[in-house]
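Biologist: Please show me the model, and then let me ask about it.

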Amino acid sequence: MSINNSLESIIDIRGLGFSRGARQIFRHVDMKIPRGKITAIMGPSGTGKTTLLKLIGGQLRPDAGYVKIDGLDVHRISRQQLFTLRERMGMLFQSGALFTDMSVYENVAFPIKVHTELPEDMIRDIVLLKLQAVGLRGARDLMPSELSGGMARRVALARAIALDPDIVMYDEPFTGQDPIAKGVLVNLIRKINQALGHTSIIVSHDIQETMSIADYIYLLSDGQVIASGTPQALLSDKTDQVQQFMQGLPDGPVPFHFSDDDMLEDLCAQEKR
Amino acid sequence: MLNQFGSLGRAMLDRLAGIGRAGGVVWQSLVAKPTPVVMFPLLLKQIYFVGVLSLVIIIVSGLFIGMVLGLQGYTILVDYGSEQAVGQMVALSLVRELAPVVTALLFAGRAGSALTAEIGLMKATEQLSSLEMIGVDPLRRIVAPRLWAGFICMPVLAIIFAMVGIWGGALVSIEWLGIFEGSFWSNMQNSVDFSEDVLNGVIKAIVFGIVVTWIAVFQGYDCVPTSEGISQATTRTVVYSSLAVLALDFILTALMFGDL
Amino acid sequence: MRMRWIEIMVGFFMVLGVLALLGLALNVSGLKLSAQQDDYTVHARFENIGGLTSRAKVTLSGVQIGEVKSIKIDTQRLVALVTMDIYSDIDYLSIDSSAKILTAGLLGEQYIGISVGFEEDSLKDGDYIDDTQSALVLEDLIGKFLFNKVNN
């Protein structure tokens with residue numbers, strides 16, 4: 001599957017800075033994502049985890065630093081090259097992002113039809129195999145509006161792996177799923193990763209599920225990487241911030257309050273008027 | 001005071017940036033290079049949504065506007081004893097002005113708002129991002145067929161509107177008001193010139209079609225991807241395109257008929 | 001199946017559009033597809049053309065036999081020079097025919113009326129009609145009328 005196993009990391013991020021309007025989302029992010037493994041990027045909501053995936057996919061431009069995939073700088077190559085590069089990436093969006101005007105079958109067949117010239121019966125075989133892998137071969141004629149949230153996400157997964165990509169990115173795959181669907185998805189991601197041998201990047205804040213499948217974890221907070229390591233290493237990390245996130249404590253170094261000014265002052269400010 | 005100037009300037013710059021982005025959308029979807037998609041089936045589908053489904057509203061309103069014109073024209077012209085000229089009045093006002101303008105306004109309300117909402121919703125549900133990640137340019141796949149469909153459908157709809165309206169006027173004048181059929185049509189034929197009136201009307205319709213579709217598609221593509229953002233974008237589509245159509249109509253009329 | 005329906009409806013839509021355009025061309029604007037095959041042109045000079053415009057009718061006893069092609073100033077005689085297209089099947093206008101600028105109704109559009117004379121030979125392409133009568137200008141008429149009143 002992978003092109004060159006001698007290289008250890010497939011994605012190399014260095015000095016990444018990005019801001020949206022006046023709000024700085026990333027200050028200085030360095031990451032190496034190992035080839036063929038499941039890497040999780042975790043952190044509280046609003047730390048720009050999804051933004052990071054979009055930066056990797058070349059949908060957003062960073063203000064500083066670079067993202068290299070197999071040595072190719074995602075933001076310096078031509079549009080044409082970028083689109084070719086994206087054929088090697090699959091992305092599972094938070095909402096599934098199925099094309100609502102196509103059936104399940106057509107959704108999964110779409111990337112194959114666009115990028116290959118395979119005959120119709122071969123496409124059919126591939127689509128049915130992918131749907132079988134996510135357990136939804138029987139649902140191929142349904143429209144996306146007829147699917148439950150968990151099923152939609154599985155179809156989207158089948159579509160993301162339709163072209164057998166080298167990298168699959170999962171954006172919050174577990175959010176808003178019932179426990180059974182979560183379990184199904186965890187199993188699917190692990191199995192598919194083992195079977196196809198691609199690199200997986202999972203963005204999530206569901207600690208338990210992510211810990212159970214990730215080989216390596218990056219913890220993001222406040223625009224930078226605050227910790228990284230294997231799940232065991234992170235659990236035994238004694239830093240306050242890491243502990244707070246891992247244990248799910250409501251207040252700590254990551255503040256519960258949005259802004260830090262004194263509440264008493266805020267209340268008095270109105271009376272003075 | 002200075003702050004107000006500052007925010008005024010910022011607002012102007014925002015507008016300019018918006019116009020720039022709108023130009024970019026058109027350029028990238030119609031002209032710039034990569035990933036040519038198999039367009040024809042997509043285009044056909046969009047012509048169906050934009051054109052065929054607007055047919056009923058266009059025919060019904062064309063008919064009624066023609067009938068009203070016939071009735072009003074008759075009551076005015078009969079005072080001067082020249083009610084024979086009602087045919088030429090109906091035909092000229094429809095072909096030159098009402099067909100392109102009213103069709104464009106209806107088109108903005110019926111098809112333009114739908115285009116904005118559809119593309120906005122695709123953006124909100126990440127379908128556009130997802131296309132991009134599959135390696136398909138959404139401007140090519142989603143925006144381009146819709147732009148072309150709008151460009152094609154608008155003149156066709158305006159022509160149908162004019163024809164139906166003239167029939168409506170004829171129905172009222174000949175059948176109900178008893179104007180002699182021969183003089184109705186011959187008066188009309190003597191005063192309406194094909195290249196001067198009909199073709200100029202069609203040119204107007206083409207221009208309006210381009211402007212309305214462009215605004216609609218761009219508002220959808222550029223909207224804030226939330227339910228509030230989409231509803232605002234839809235409103236903006238209707239408001240902006242109506243204003244643009246009316247202002248452009250004046251400019252085009254001045255250029256075509258005003259001997260400037 | 002659904003795609004087929006869309007194709008049919010789009011086809012219907014386009015055909016409807018073409019038919020409507022044909023209707024506008026033929027029925028409404030009176031465009032004749034075989035209009036300018038082999039018309040011949042005839043010129044005439046007028047002292048005053050009033051409100052005559054190009055594309056105005058040229059008639060013989062009220063029947064249209066052509067239309068005004070262009071209106072210019074004859075720079076030598078400083079009068080209006082009107083060029084008319086006459087349908088080629090009207091080949092019996094005698095060379096001493098006269099042209100008048102007439103008005104349809106009191107306020108209607110102006111057109112040219114031709115009256116045939118008595119000569120044997122007929123007008124050819126590029127000939128001039130010498131006997132012309134200018135448009136009736138209402139202001140002149142009223143002026144004359146008032147002048148006569150004062151004189152009396």
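This is a predicted model: local features need pLDDT of at least 70, side-chain atom pairs count only at pLDDT 80 or more; totals for chains, interfaces and linings use all residues.

Biologist: Which pair of chains has the most contacts?

Modeller: Chain A and chain C do not touch, their nearest C-alpha atoms being 12 Å apart. Two pairs of chains do touch, and the most contacts are between chains B and C.

Biologist: How much area is buried between chain C and chain B?

Modeller: In this interface, 26 residues of chain C are in contact with 29 residues of chain B. On the side of chain C, C:F13, C:L24 and C:V28 lose the most area, together 28% of what that side buries. Carbon and sulfur atoms give 79% of the total, which is about 2,400 Å².

Biologist: How many salt bridges are there between chain C and chain B?

Modeller: The side of chain C that touches chain B has 16 nonpolar, six polar and four charged residues. For salt bridges between chain C and chain B the count is zero.

Biologist: Which element of chain C gives the largest share of the side that touches chain B?

Modeller: The largest share amounts to 20 residues. These come from helix α1 (residues 2–28) of chain C.

Biologist: What percentage of the residues of chain B count as buried?

Modeller: Chain B has nine helices and zero strands. Its C-alpha atoms fill a box of roughly 70 × 55 × 35 Å along the principal axes. Among contacts in chain B with a separation of 6 or more, 85% come from residues 24 or more positions apart. Of the 260 residues of chain B, the share that counts as buried is 53%.

Biologist: How many residues apart in sequence are the parts tied together by A:D70 and A:R35?

Modeller: A:D70 and A:R35 form a salt bridge, with the closest N and O atoms 2.8 Å apart. A:D70 lies in the loop between β4 (64–69) and β5 (72–73) of chain A, and A:R35 in the loop between β2 (23–34) and β3 (38–42), so the pair ties together parts separated in sequence by 35 residues.

Biologist: Is A:D166 buried or exposed?

Modeller: A:D166 forms a salt bridge with A:R88, the closest N and O atoms being 2.7 Å apart. A:R88 is partly exposed, at a relative accessible area of 22%. The relative accessible area of A:D166 is 12%, and the cut-off is under 20%, so A:D166 counts as buried.

Biologist: Which residues are linked in a network of salt bridges?

Modeller: Over all chains, the whole structure has 13 salt bridges. The network links A:R35, A:D70, A:R88 and A:D166.

How values were computed:
Residues are numbered from 1 along each chain as its sequence is written. Chains are lettered from A and ligands numbered from 1 in the order in which they are written. Side-chain values use heavy atoms; hydrogens and water are left out. Contact means heavy atoms within 4.5 Å. Buried area is the accessible area (1.4 Å probe) that two parts lose on being put together, summed over both. A salt bridge is a side-chain nitrogen of Lys or Arg within 4 Å of a carboxyl oxygen of Asp or Glu. Helices (H or I, at least four residues) and strands (E, at least two) are DSSP runs, numbered from the N terminus. Ala, Val, Leu, Ile, Met, Phe, Trp, Tyr, Cys and Pro count as nonpolar, Asp, Glu, Lys and Arg as charged, and the others, Gly among them, as polar. Buried means under 20% relative accessible area, exposed over 50%, partly exposed in between (1.4 Å probe, protein chains only).
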